[in-house]
Amino acid sequence: FFFSSRRRHTRSSLVSWARRCVQETVSTQSTWATEEKKTEDKAEPIVTRSMVEEACPTCGAQEPSMPAVLPDPSWSTEKLIAATKDKHMLVRSNAIILLSKREISESLEALIEALKDEEYLVKSNAMVAISAYGKQASERIIQALSDADKDVRAGAAWIVGELKDNSAIAALEKVAKDDYPLARIQAKASLLAMGRGPKK
């Protein structure tokens, strides 16, 4: 009888203890959640210039607008070229990607012009699109290394590094001394990629 009573008493104590633990845990979690909520309420989102200008697709501070229509493969080459001048960055960017699938004779000049775009995403897509044409774009891109526009020179310097055309070495070495820092950096990186870095 003593043993049975003791077992009941022990079990009852354990149950009471377990209930208290659960209550304390819930209370603690509730307190943490309240404190976190207060912190979240006080936190201010970081807003950069690109966010305000709707250039950041993942920004929590401001949701970027979406264009009513995005370019698609059914568009003519002429329509895609016109879209590279659209006011919306996503339209321009998508048009460039689609242009890279068209004949180089129809799209190359528009893609080179896109190297001047104010948004780096658009410039980058143009660089990748041109380099996808391979050596057939070499002659025109080597010419672009001496373009009057600094962004065209910088973009062309990157593209030449992808094409690895040795006939561009002399022109690249000239751009490596360019007044525009990005053009210099791109040219030097391409020279290194082509095994023409500074000699030790």
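**A guided conversation**

Q: What does the secondary structure of the protein chain come to?
A: The protein chain has ten helices and zero strands. Please note that the model is predicted.

Q: And how do the elements run from the N terminus on?
A: They run α-α-α-α-α-α-α-α-α-α.

Q: How much of the chain is buried?
A: Of the 200 residues in the protein chain, 37% are buried.

Q: What about the accessible surface?
A: The accessible surface of the protein chain is about 13,400 Å². Carbon and sulfur atoms account for 54% of that surface.

Q: Which share of the contacts joins residues at least 24 apart?
A: The share is 51%, taken among contacts in the protein chain between residues at least 6 apart in sequence.

Q: Let us turn to helix packing. How is a pair of packed helices described?
A: Such a pair is described by the angle between the two axes and the distance between them.

Q: Then at what angle do helix 5 and helix 6 cross?
A: The axes of helix 5 (residues 104-113) and helix 6 (residues 120-131) cross at roughly 150° and come within 9 Å. Helix 5 is therefore roughly antiparallel to helix 6, because angles over 145 degrees count as roughly antiparallel. The crossing of helix 5 past helix 6 is left-handed.

Q: Which residues make that contact?
A: Helix 5 contributes L108, L111 and I112, while helix 6 contributes A126, A129 and I130. By class, the contact of helix 5 with helix 6 has six nonpolar, no polar and no charged residues.

Q: Which residues of helix 5 are buried?
A: In helix 5, the buried residues are I104, S107, L108, A110, L111 and I112.

Q: And what do the buried residues of helix 5 pack against?
A: They pack against helix 3 (77-83), helix 4 (89-99), helix 6, helix 7 (138-144) and helix 8 (150-163).

Q: You mentioned helix 4. Is its packing with helix 6 roughly parallel or roughly antiparallel?
A: The angle between helix 4 and helix 6 is about 5°, and their axes are 9 Å apart. The two helices are therefore roughly parallel to each other.

Q: Who makes the contact there?
A: From helix 4 come M89, R92, S93, I96 and I97, and from helix 6 come L121, V122, N125, A126 and A129. By class, the contact of helix 4 with helix 6 has seven nonpolar, two polar and one charged residues.

Q: On to helix 8. Is A156 buried or exposed?
A: A156, which is found in helix 8, has a relative accessible area of 0% and is therefore buried.

Q: What does A156 touch?
A: Leaving aside residues up to four places away in sequence, A156 touches L115, I141, A144 and L145. The C-alpha atoms of A156 and Q143 are 8.7 Å apart in space, and these two residues are 13 residues apart in sequence.

Q: And where does E162 lie?
A: E162 also lies in helix 8. With a relative accessible area of 46%, E162 is partly exposed.

Notes:
Residues are numbered from 1 along each chain as its sequence is written. This is a predicted model: local features need pLDDT of at least 70, side-chain atom pairs count only at pLDDT 80 or more; totals for chains, interfaces and linings use all residues. Side-chain values use heavy atoms; hydrogens and water are left out. Helices (H or I, at least four residues) and strands (E, at least two) are DSSP runs, numbered from the N terminus. Buried means under 20% relative accessible area, exposed over 50%, partly exposed in between (1.4 Å probe, protein chains only). Contact means heavy atoms within 4.5 Å. Accessible areas come from the Shrake-Rupley method with a 1.4 Å probe; for residues, only the protein chains shown count as cover. Axes are lines fitted to C-alpha atoms, for helices over the stretch in contact, and angles run from 0 to 180 degrees between N-to-C directions. Angles under 35 degrees count as roughly parallel, over 145 as roughly antiparallel, 65 to 115 as roughly perpendicular and the rest as oblique. A crossing is left-handed if the near helix is turned anticlockwise from the far one by less than a right angle, and right-handed if clockwise. Ala, Val, Leu, Ile, Met, Phe, Trp, Tyr, Cys and Pro count as nonpolar, Asp, Glu, Lys and Arg as charged, and the others, Gly among them, as polar.
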